[in-house]
Amino acid sequence: MPASSHRLSGQKAGLKLDRVCIAIQGQKLCEVDLAVGAGEIATLMGPSGVGKSSLLAYVCGTLAHGFDVTGHVFLNGTQIDNLPPQDRHVGILFQDDLLFPHLSVGGNLAFALPAHVRGRDARRDAVEQALITANLAGFADRDPATLSGGQRARVAVMRVLLSQPSALLLDEPFSKLDAALRDQFRRFVFDQARQQALPTLMVTHDPDDAAATGGAILTLTGQNHDVAEPG
Amino acid sequence: MAMPGAGYGRCDGGYVPKLLKYAPGLTVFLMVGPLVAGLLGTVLPAFGYLPALGGGQWSLAAWQELFAQPGLLISVRLSATTGLLATVISFFVVMLFCAAWQGTRAFALMQRVLAPILSVPHAAAAFGIAFLIAPSGWVMRAVASVGGWDRPPDIVTVQDGWGLALVAGLVAKEVPFLFLMTLGALPQADAERTRHVALTLGYGRVAGWFKTVLPRIYPQIKLPVFAVLAYSASVVDVAMILAPTTPAPLAVRILHWLSDPDLSMRFMASAAALVQLGVVVALIVLWWGGEKLVARFGRGWAEAGGRYRYEGSVRTAGALAALIAAGMVLLGIAGLAVWSIAGFWRFPDMLPGQWTLKLWLRELPALGDGVINTIIIGGAAVLLAIVLVVACLEREQRTTVSRPGRGALWLIYVPLLMPQISFMFGLQVFFTFLGLERTLVSVVLAHLVFVLPYVFLSLADPFRALDPRYRQTALCLGASPDRVFWRVILPLLTRPVLAAMAVGFGVSIGQYLPTLLIGAGRFATITTDAVALAAGNDRRMIGIYGVLQTILPFAGFGIAMLVPAILFRRRRGLRSGT
Amino acid sequence: MPRLMARLIVVATLGASLTGFSPLASADPAPDMHNWDAVLKQAKGQTVYWYAWGGEPRINDYIAWAGNQVQEKYGVTVKQVKLADTADAVSKVVSEKAAGVTDGGAVDMIWINGENFAAMKRNDLLFGPWVEQTPNFKYVDVTGKPTTINDFTVPTDGLEAPWGMAQLSFFDDTSRVKTPPHSAQDLLAWLQNHPGRFTYPQPPDYMGSSFLKQVLTEVVDDPAVLQKPADAADAQKVLAPLWNYLAKMQPVLWREGKAYPANGAALRAMMADNEIDIGFSFSAAEVSSAIANFELPDTVRSFVFDGGTLGNTNFVAIPFNASAKAGAVVLADFLMSPQAQLRKQNPEIWGSFTVLDMAKIPAADRAKFDALDLGVATLSPAEMGNVLPEPHPSWMELVESEWQKRYGVAQ
């Protein structure tokens, strides 16, 4: 394989998983061949242990050691699976908000804001704008631990978006929210993703989540369901 | 096409700074290098080679002389039995207490008194305990006041032939240490939820804990247990105060032989130091075998399904044992504090008849240098240790840690398992040979050998237990691994990092021989002064220095608790740790 | 860029090396002892690391005073390395010899005597001879106090300078003991009537061994034998009376001899706790100062045996590889001066008897010695009575190893 990244013709915009196959200790977990266009939301479903989360980790570059992976990931025509995670521009949301507890709400958002947004005022404006979008105006100095679950989830979304990703990964992001909040929050996330024309890949167990995307649904069966996912 | 180990698509992304990559190697070298050199300096004389004292050819004379020593076997047996007994009791007290009280207010209370107890140096605790249980001590004074005796009974309590007083002294200090280590392991083993599952299945608290939580945390506290075992079987300072002397445990006799005016005794002392090492190795092997046996029967016991719901007395016993262990140290140090301001104190008075600050006033002006040296040496050793330990752990998180890499890190713990007395002389020769002896650098490096393993032991669990998704999230937000480390990982670990530093600082403060011998007396610390003055056996001076030796580590623990509390006073999510 | 590690290293080095290396002292040529002015000149500016037992604050204070004096007078800086055991100093010198450090060693001076001196002398670990060329040595009472040149019968050969006299004295609580025993045999008889009220530190502790030597000297048939090296063939016969004595003493000792105190200082605490009625020490002024320090009740008094007690001399010696030999020589000379000796004998300061000959020192100094008030519980040099000579060290080695066999293993 040439060390330089190569481009695929005819597939420029969007996220493409080119025959990505994940195996552990010689046992194949899953194989995925998938293209997600800009502003599209694709859904991965399937039983536990089939390697869904591992797949997301592979795409964003944080897969734990011990897996054998073949295949490639392309983002807007560029191969990214040979890049370190911070250079891939792939944002990820987990079921937990994972706000950094030592930073304020504003601090969390500023952490995500790229360094090329320069100047104290410009950065503060960007953070404040994001908070307004999330309906959390004036929350910048708050301790994340004092926010409600729904508020924290929205901050987490805005944090990912502020990092100006080129693709978005969702790892069961709604599973911990109660039913009322869930619908509302789902719509919020999907709207944001579409507005910014992000190719989005979602892992979920909930058919409602999948139905709400209006996009492709891929169900993984896997060959070895009894193999637990490490890490 | 498969590309195993290519490093793509992983946390490191091939971006591991070169020097970070060498951190584990450097750390292992700093631990093992001095030890090997030190051990060599012991092995050679044991077989007759020490030209400085005219030992030029190989011989087994030292061994023959050693085995001809009266009571040698009794000394060896005493070291082994007291070491083993102290470890078994400490281990069971801690496990029983955790099993019976985890998640209760009593448990939280014990966590709070942990820092002061850990701060008391071993020797000071031993003096304190001796004053409690001696025939002329506080307990007997209480009895005598009631019984109207005016002289203490002529019975043996401390320095008893079985070494039970020594065991008590060791248990009192090892219980808090093992408790601290267990506290670090509990969250990683998901102990809280595991415990609840056992409870809902109808198990008693204690039985449920022993059947479900213990097997999960044991692998993590195994090393600390080994460290306790090795320490207890080769302890010198505590033994000199509490152990029998007719004969004394092996380590104490080695020290006497090393101090014998007849310099040819050093050959025999070296041979004895190897025997001491053998005792420790044998005990560890024995424990390891016992552990396999217990695991085998324990599995059957767990699967047998006994619920043991009526456990009131067991829980009480657990609380009582922990209370006695903690109480002995705290009462002991209180005793020392009283002695430090006591005028003449007659038996059987519970308190001195007169009080005086005379000795404090005499000592205080002279303390400055000792305190400053203690802080400089301890501070430098702890800083070095924390940098190396954090670098090792950070590297482990960032890279493929192949099995051999992680296996070599085991070597970090070797200083914990080697009796200090078995390599001190060689270490001294080694540093002299390098021309480093007498420098601050060498004293700090010598302290590092003992400080770093404890820092590693304290920090490894919390570091590895940190939710890896924080790092992943931060990386995916576009932050470089370095930025993630400084801005996310380190702040999130502020509490455990400072706690590990406090533990290390305490260890550094306790070092007497390395400070005196490697530093060639150029760096007088609180501890070198304390040990020298303890030779004068004035209980008031011992009291003053015991209190002083406790204050410094306590300040360390205090800072370790206060700094995060102030730094994160407005961050509720960090208050109970992460 | 390995920025992370670079930052870590900056943090580490800042902490570790702020105060930096202190380079080893350069080689110091042996001072020319026949030219005292040259010695003084060489000493000026040197720092002397004096390894000395540090268990007694009063003594540490005295050493600090002496250091200030030589700083003022000769520009020599003195630093006391406080030891719990003189053996640590010996160990230091041995380890340096093992590492090939024949110059610029860490130890400049050791407070030493007896067996440690004999061992260092035997292993060529000492610098010298130098003592007899020092100006103040002429005041030393080498005839009246022969132990100033014979340390435990081993000739000092100018390798160590005397700086204090020590003599065994006993102390009792006069509120509990009516008539103190006046000999070793008497002590045994008293103990048989008061079982458990006396003990001695466990040999080979210095004080414990000294007690055994005292008994040996009293009970042996011919004390003169003890001044010569022990003859293996004859030794058991010579020592028999001692073992006989101890066999009778053992069952009536404190704790029936199952446990022993660690050192001489422990006897004071046991006295204060009413564990024992009679103790002993090597410092005549110890009791008075212990009373002043609240360590002993004010009813404790000193006494000696009628036939005399064991006496010896404290010395200072200079290791073969010392870094500041001239400075150490100057310090040792000052310690033998009438000024330093007078202060040392003052019980308020220390209370250790002088090594000087009152007839040799200047009259003004003599008057000051005469004027010293020794304190209620301190015996004057005259009251201390006969000084019995220390046996040859070889006897002690025999006694200690035999004691270990008989009583060191109680179980």
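**Chain C and its contact with chain B**

In this predicted model, 74 residues of chain B are in contact with 71 residues of chain C, two residues being in contact if their C-beta atoms, placed from the backbone, lie within 7 Å. The elements of chain B that give two or more residues to this side include helix H1 (18-46), helix H14 (358-398), helix H18 (440-465) and helix H24 (539-567); helices (H or I, at least four residues) and strands (E, at least two) are DSSP runs, numbered from the N terminus. H14(B) gives the most, with eight residues. By class, the side of chain B that touches chain C holds 42 nonpolar, 19 polar and 13 charged residues, where Ala, Val, Leu, Ile, Met, Phe, Trp, Tyr, Cys and Pro count as nonpolar, Asp, Glu, Lys and Arg as charged, and the others, Gly among them, as polar. Of the two pairs of chains in contact, chains B and C share the most contacts. No contact joins chain A and chain C, and their closest C-alpha atoms lie 15 Å apart.

Residues are numbered from 1 along each chain as its sequence is written, while chains are lettered from A and ligands numbered from 1 in the order in which they are written. Local features need pLDDT of at least 70, side-chain atom pairs count only at pLDDT 80 or more, and totals for chains, interfaces and linings use all residues.

Chain C itself has 14 helices and 11 strands. Its domain assignment, automatic or from a database, gives domain 1 (31-165 + 313-378) and domain 2 (169-303 + 388-407). The C-alpha centres of these domains of chain C lie 28 Å apart, and 17 residues of domain 1 are in contact with 16 residues of domain 2. On the side of domain 1 that touches domain 2, eight residues are nonpolar, seven polar and two charged.

One sheet of chain C may be followed in detail. Three strands form an open antiparallel sheet in the order S8-S7-S9 (chain C); two strands pair if DSSP finds at least two bridges between them. Strand S8 (278-281) and strand S9 (300-303) of chain C are the edge strands, each pairing on one side only. The twist averages 30 degrees from one strand to the next, with axes fitted to C-alpha atoms, for helices over the stretch in contact, and angles running from 0 to 180 degrees between N-to-C directions. Strand S7 (residues 169-173) of chain C pairs with S9(C) over four bridges in the antiparallel sense, and Arg301(C) in S9(C) is the bridge partner of Asp172(C). Helix H9 (residues 264-272) of chain C packs on the sheet and touches S7, S8 and S9 of chain C, its direction making about 150 degrees with that of S8(C).
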